[in-house]
Amino acid sequence: MCNSNVKSAGVAQIAGRPVLQPAGNRVAAPEVARPPKKSLQKSLSMPASYDNAAANTCAAAPKSAGAGDFAGAAAAAPYLLPPTPAKAAGARAVGAEKSRKAPRKAGAVLPVVTFAALEAFEVAGPAGSIAAAQREHVTQAQAQRKSRIAHYGRTASFSRVEGRVGATAGAAPVAAALDEKRCSFITAYSDPVYVAYHDEEWGLPVHDDEMLFEMLTLSGVQVGADWASILRRRHIYREAFSGFDVDVVAKYTEKQMASVSAGFGLDLGTIRGAVNNACRILEVRRDFGSFGKYVWGFVNNKPLSPGYKYSRKMPVKTSKSESISKDMVRRGFRFVGPTVLHSFMQAVGLTNDHLVSCPRHRVCSSSSSSDAA
């Protein structure tokens, strides 16, 4: 039975038999591929002279040509090199006019040899080219690197005096002593008064009672301040305390202490502590003969020598300063905590805390040996 709703139908031959099928099932015959709207030759607007030169070069050079052949081709055809800006502008104008007059051939060859010749020219460029400048720069960098390796570890001062050692042979010991490194807490920005104190007094063994009394007082005053400020006012403390004469200071009355405090601008508590310590020193003298014998007895009359290599290894107090502090507090001394006593021990040479690299370390050690002898 036929359906009347089929609007269009056709007969197709399938396997040699006619078959009735709708018109929508028909397969359209493949069309021939359409050529692109714009060809590659038209999209590249190169001057005609480039095409002719490229064709001649390709015909002259074999397919297996290497970089040397391309370099030779570049030398034989110098017109393949890129022109100057003025010539390039003129070449573009002439090429455009010729392209309008004469159509481009369908089989024209792109100027590939031109870029190969340029590469060969850059590799084997003449003196003064970019490659030569780069080679010169690399040579200079290598020379500088060898110089840095040869002078590694040498300072500027060493370089200045190198080769002139014989002329300064007489001053060699003095120069060596000055060039030696002081303790690391002495820097180029340290106060000159503090530097002089380090180079002349700090760490030297002291046995005199007046000097020990002075350093004990200054060590107590130094809490909360720095040694440089205390040393700059050292003459004021000496005048206020009568040259740190223990017998005189021990007899200060309350009226005299108030007068000293007002006249020299010193703290009244500090003055009272110094007067009290002077009285305690008189008591120690009666028991030990002198204040020096008392304090040096804690180290068996021989300075301690920890042998520090770095300032950061120095403690603010030690077990020895704690033991001395306890005994002095028991005897009635004031301002004699473990930290103050450790600073006092460093100042009067009970411990040689100069760094082993500091020249003063050997001086203090030799001084203690001569005192013991």
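With which residues is phenylalanine 344 in contact, leaving aside its neighbours within four places in sequence? In this predicted model, where local features need pLDDT of at least 70, side-chain atom pairs count only at pLDDT 80 or more, and totals for chains, interfaces and linings use all residues, phenylalanine 344 touches Leu212, Met215, Leu216, Ser219, Phe291, Val295 and Leu350, a contact being heavy atoms within 4.5 Å. Residues are numbered from 1 along each chain as its sequence is written, and side-chain values use heavy atoms, with hydrogens and water left out.

Phe344 also belongs to the largest nonpolar core, which has 44 residues; Phe241, Phe291, Met328 and Phe344 have the most contacts inside it. Such a core is a set of buried Ala, Val, Leu, Ile, Met, Phe, Trp, Tyr and Cys residues joined through side-chain atoms within 4.5 Å, where buried means under 20% relative accessible area with a 1.4 Å probe, protein chains only. Another core, of five residues, lies apart from the largest one and includes Tyr308, Met314, Leu355 and Cys358.

Across the protein, 31% of the 373 residues are buried. The secondary structure consists of 19 helices and two strands, taken as DSSP runs (H or I, at least four residues, for helices; E, at least two, for strands) and numbered from the N terminus. Of contacts between residues at least 6 apart in sequence, 67% join residues at least 24 apart. The accessible surface, from the Shrake-Rupley method with a 1.4 Å probe, is about 24500 Å², and carbon and sulfur atoms account for 58% of that surface.

Terms used: Buried means under 20% relative accessible area, exposed over 50%, partly exposed in between (1.4 Å probe, protein chains only).
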